[in-house]
Amino acid sequence: MQDSTNPLVNTQVAFQDACRALGLPDAVYQILKEPRRVLEAHLLVRRDDGTTATFPAWRSHHNNARGPYKGGIRFHPGVDQNEVKALSMWMTLKCAVIGIPMGGAKAGVMVDPSSLSPRELEALSREFIREFASFIGVDRDVPAPDVNTNSQVMAWMMDEYGRMNDDADIFGIFTGKPIPLGGSAERTEATGEGVAVVTRRAMDRVGLAPAGARVAVQGYGNVGAQTARFLAARGVRVAAVSDVGGGLWQPEGLDLDALDDWVARHGTVGGFPGGTAMTNRELLTADVDVLVPAALENQITRDIAGEVRARLVVEAANGPSTPEAQEILFARGVQTVPDIVANPGGVYVSYLEWVQNRGGAYWSRSEISARLEQAMTAAFDQVWALGAEQAVDLRRAAYRLAVQRVAEAMHLRGWY
Ligand code: NAD
């Protein structure tokens, strides 16, 4: 049998399960099972050689009952409308779990950014805004970076939006911006920092002491590298990491400073001399205490789930495990912290960036970190308590908590 790898269908099933458990009227599920609207565009970019290329792009607005739409922009060759819709649904859930007054959105552009020159990447970023400007706005929809986009992409997008709108109130429209353009301290680190906070909390709950514990991190991009760094700072040994260029194993713990230096020079962890090479599958089934998938969707499938040796899986990526794999892990007693509880640190600090932009006053790194730690800890504890009270896994508990909050806002607005 095949795994269910359609993220939209999987998310709809989870929403339905939560709505039923909460005894909500069917109208709630009917509203939540699809985004309120999706805009599709075909972005035109003039290549450096004078030819024109087109790239399909989508922005999905899932739900804004609790506040303006919020969500990242992904540049990836494998992205499609279904994935963008599912990602926007997860944003609704994450904002509700972490308790910020925002709703769920996401964008994807079907493009391999490594095939673009820097000038073409800038042209694509600006074209995205020309096509999607009517969808976004400081009180309407606030985008941020995601896979293969970063603060530079946000800077170009903000500038393009400003040129189209007489530079009116543009700082609060995008988050994940560079610091000189109204970016927040700690935004780059936030997702991984939050993953590390929740990992430590979950380790406590399952009786794993940090000193000497080993973690494997799949994906050494923004989230994976920051998670590794924050866990290492808390005494955990980072024994395995991987990216598209290869995987590494060092049971005593990798030297992360030397590794980051290597990645800065070679663009991948592959070939780093401070560890032995390992495959993606070997990493996922490595002899570690904690496994952190921090790459893309559907990495832990049913045939891998049966071999996972970690006692704890913390989903830093969005949707890294299939529903079949989740059931197998649960049955085997492997505790899983789901994505919507593990990775909202990024959107939480994005929210703080938006608040700072609108208030015109800025907080220090330590103030942001303290707020982040408090919000992540509170959300994790609430989900843990609900899971224990209702005797369900943390994913079901998190969906119930989030759907209940969104449903309450929809009811107060008179949507059902
Ligand atoms: P990124 O592009 O910076 O990094 C992705 C990493 O995954 C890269 O190192 C890439 O080489 C690696 N990778 C891709 N496919 C792989 C594979 N098959 N095996 C091993 N490694 C692989 O992206 P990111 O921002 O770090 O995002 C990673 C995940 O976290 C995504 O699911 C994203 O949606 C999610 N996320 C990101 C943020 C954020 O703030 N950036 C917030 C919440 C969730």
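1. The model is predicted: local features need pLDDT of at least 70, side-chain atom pairs count only at pLDDT 80 or more, and totals for chains, interfaces and linings use all residues. Residues are numbered from 1 along each chain as its sequence is written, and side-chain values use heavy atoms, with hydrogens and water left out.

2. Domain 1 covers 36-170 and domain 2 covers 190-342. These bounds come from an automatic or database domain assignment. The C-alpha centres of the two domains are 28 Å apart.

3. How many residues of domain 1 are in contact with domain 2? There are 11, and they meet 6 residues of domain 2. Contact means heavy atoms within 4.5 Å.

4. Between the domains, about 740 Å² is buried, and carbon and sulfur atoms give 62% of that area. Trp90, Lys94 and Val97 supply 55% of what domain 1 buries against domain 2, more than any other three residues. Buried area is the accessible area (1.4 Å probe) that two parts lose on being put together, summed over both.

5. The domains share 1 salt bridge (a side-chain nitrogen of Lys or Arg within 4 Å of a carboxyl oxygen of Asp or Glu). The side chains of Arg74 and Glu297 also meet in a salt bridge, at 3.2 Å from N to O.

6. Which elements each supply at least two residues to the side of domain 1 that touches domain 2? They are β3 (69-76) and α3 (81-98). Helices (H or I, at least four residues) and strands (E, at least two) are DSSP runs, numbered from the N terminus. α3 gives the most, with 6 residues.
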